[in-house]
Structures are given as structure tokens and as C-alpha cells.
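Morning, everyone. I have one structure to walk through today. Let me put it on the screen.

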Amino acid sequence: MNQNNKPTLEICLTPDAVSFIDLTGKIAVIVDIFRATSTMVAGLANGVEYIVPVANVADALHYKSEGYITAGERNGEKVEGFDIGNSPYEHMEQERKKIVMTTTNGTQAIEAVKNDAEQVIIGAFLNLKAVADYLKNQNKDIIIVCAGWKGRFNAEDSLFAGALALKLKDDFWWEGDETLFSSHSYTSVKKNLLKILKHSSHYKRLEKHGVVDDMKFCLEIDKFENVPILKDNHLVNL
């Protein structure tokens, strides 16, 4: 809490920036719009039992022997030998299944905060309002962690962070220039999100893999009402 008795809101534009912030008592909102957190939200909204996010492929393969669906990607492509990749459409077909998931950026961001934050929840444009409503009710300091791309800034995650910050502006004390930058950026492009993000590096990267429909889906706002939370290393709906 700050001196105005409002909880604080900060944005980390890359997971590497987390090391400069004390996460004690804070809720960490992980965001990887293209595509990990969007996929997690979509899968759990459509009946996936739970998702175990892991940092590396070897850990995921360990779970495969226990009957888990292996899911994930490296550099935008499905990991060789995995059951499914990182498409929300694939995950929405896994009703009543348990999934172990590893991705280039999203699961790494979870890894960066899970041992220190009080809560870890999953955000996406798909559940923007649901996440905002939950955070308002918690009355705790929050940190929005953008997964980025291999430690670097990316546009889509930062724009989501700005959108969420704007939803929470009346209830939280904004800290850091990252929040100011992200919120103004979102305001300036919100009516043309897809048009703008077609020029982003990750959109172009994934476009080469033929998953344009995935990205259009990931930019739909408030399609779902679930908020995934990490409990005992399992992502489940609140």
C-alpha cells in the first residue's frame, strides 16, 4: 500500500525486470498475448481440468508418462514429440484433460515470479474484465509481468498491461513510467489493435508459421469470464 491507502500497480515490460521489484504480498499478473496466457485462459474456460506450466521440455516429458497432454512451443513451433502446440484452438479441444505446458516466454515468466509473489494469475485480452474485477476485490498491490520475447520488450503484452492498468486506474496507485507508457499506448491504438500489431515482430514471426487465426482470436476482448490462478504449481480457474 502507498501513502494514499490505495494498493499499487506496477508493470514489468520484461520478466528480467522482475528482479528489481519486491514481490512480497503482491499479486503477479502474467501476460503473454501471442499466445501462452491467451491459450491458458481459453483452454481452462472450455473444460481443461488444469494446466501445469513448466520451464523446460524435459520437465514436460516427465509428466507425459503420468498421462498428461504435452503442450507447448519453442520459437513459435510445436515442440517435436508433443501432443499439441500453443494454439488456443487446440487447447479448447482438451475438455477434462490435464495439460503440462512449456513455452518460449509465457511459462518462463511464471517461473520468474511463482516463488515470491503472493498470488500468480493469468491475464489476456480474452479475460480482461474478469481479471480487473478480481484485482479490485483483492485490494492488494499488483505487478503485471509481460512475458515479452526472450527477455526483450514486445508490443502486444505491453498494450494489454496498459489496458488492464486503465481498468484499474481509479482503484490503484500507478507506479513507474512503464505504467504511464503502456496506458497511453493502449489508448492511442485500442480501436486498431490488430492493424497495429500486424507490424509487430512476434505477429510477423508467428505469421510465418500460419497461425494468423490464433492471433486474431487472442485479441478478442472479454470473450471469457474465468481467471486462472496458480495453486500448487497447477493453473486452475478461480
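**Helices, cores and a hairpin**

Let's begin with helix α7, residues 177-189. It has 13 residues and reaches 18 Å from its first C-alpha to its last, close to the 18 Å expected at 1.5 Å a residue. That expected span is 1.5 Å times one less than the number of residues. Helices here are DSSP runs of H or I, at least four residues, and strands are runs of E, at least two, numbered from the N terminus.

A word on the source. This is a predicted model, where local features need pLDDT of at least 70, side-chain atom pairs count only at pLDDT 80 or more, and totals for chains, interfaces and linings use all residues. Residues are numbered from 1 along each chain as its sequence is written, and side-chain values use heavy atoms, with hydrogens and water left out.

Back to α7. Which of its residues are buried? Thr179, Ser182, Ser183, Ser185, Tyr186 and Val189. Buried means under 20% relative accessible area, exposed over 50%, partly exposed in between, with a 1.4 Å probe and protein chains only. Down the axis of α7, the buried residues fall within an arc of 160°, so they line one face of the helix. The arc is taken over the directions from the helix axis to the C-beta atoms. On the other side of α7, Asp177, His184 and Ser188 are exposed. What covers the buried residues of α7 includes β1 (8-12), α6 (155-167), β9 (173-174) and α8 (193-197).

Now α4, residues 106-113. Its buried residues are Gly106, Thr107, Ala109, Ile110 and Val113. Those residues fall within an arc of 155° seen down the axis of α4, so they line one face too.

What about α1, residues 36-45? Nine of its 10 residues are buried, so α1 is largely enclosed by the rest of the structure. Gly47 follows α1, with a positive phi near 100°.

Next, the cores. A nonpolar core is a set of buried Ala, Val, Leu, Ile, Met, Phe, Trp, Tyr and Cys residues joined through side-chain atoms within 4.5 Å. The largest has 72 residues, and those with the most contacts inside it are Ile33, Phe34, Ile121, Leu135 and Leu164. Apart from that core lies another, of eight residues, among them Val54, Tyr68, Phe82 and Val100.

Last, a hairpin. Strands β10 (residues 228-231) and β11 (residues 234-237) run antiparallel, joined by four bridges. Pro228 stands opposite Asn237 in β11. Two residues lie between the strands, and Asp232 takes a positive phi near 55°. Strands pair if DSSP finds at least two bridges between them.

Methods. Contact means heavy atoms within 4.5 Å.
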